Amino acid sequence: MKRLNEYEVEERLEGLSEWRVVEGEIVRMYTLESFPSALEFVQEVGAVAEQLNHHPRIIIDYKKVTLAVTTHDSGGLTEKDFELAEACDAI
């Protein structure tokens, strides 16, 4: 998959809420109502990631879940990363 240039990344970020670029990944932290809610959210993210065959780095800290996404095969951000971000936001 084609790696996006800096302009394309900024353009795609405009369509996402609360996602930002950190060290070559797009990252967002979600705050859920409780620890069980955070685990349920992660399960749903996992199902979407499997369906898209694109998997985020996931950090669970009590009721906060941080997702970080990049396309390692392409050495940076691609459309695949933004598709996953949009799908996670839809959860």
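**Charged residues in close-up**

Arginine 28 has a relative accessibility of 13% and is therefore classed as buried (buried: under 20% relative accessible area; exposed: over 50%; partly exposed: in between; 1.4 Å probe, protein chains only). The model is predicted: local features require pLDDT of at least 70 and side-chain atom pairs count only at pLDDT 80 or more, while totals for chains, interfaces and linings use all residues. Residues are numbered from 1 along each chain as its sequence is written, and side-chain values use heavy atoms, with hydrogens and water left out.

**View 1. Arginine 28 and glutamate 18.** Arginine 28 belongs to strand S2, residues 25–31 (strands are DSSP runs of E with at least two residues, helices runs of H or I with at least four, numbered from the N terminus). Glutamate 18 forms a salt bridge with arginine 28, with 3.4 Å between the closest N and O atoms (salt bridge: a side-chain nitrogen of Lys or Arg within 4 Å of a carboxyl oxygen of Asp or Glu). The pair links distant parts of the chain, 10 residues apart: glutamate 18 lies in the loop between H1 and strand S1 (20–22), and arginine 28 in strand S2. A polar contact of 3.4 Å also joins these two side chains (polar contact: a pair of N or O atoms within 3.5 Å; within protein, one must be able to donate a hydrogen and the other to accept it, and residues adjacent in sequence count only if both atoms are side-chain atoms). Glutamate 18 is exposed, its relative accessible area being 54%.

**View 2. Arginine 28 and aspartate 89.** A salt bridge of 2.6 Å, N to O, connects the side chains of aspartate 89 and arginine 28. Because aspartate 89 lies in helix H3 (residues 79–90) and arginine 28 in strand S2, the pair ties together parts that are 61 residues apart in sequence. Aspartate 89 counts as partly exposed, at 29% relative accessibility.

**View 3. Lysine 2 and glutamate 8.** The side chains of lysine 2 and glutamate 8 meet in a salt bridge of 3.1 Å, N to O. Lysine 2 is exposed at 54% relative accessibility, whereas glutamate 8 is partly exposed, with a relative accessible area of 22%.

**View 4. A network of salt bridges.** Arg12, Glu79 and Glu86 are linked in a network of salt bridges. The structure holds six salt bridges.
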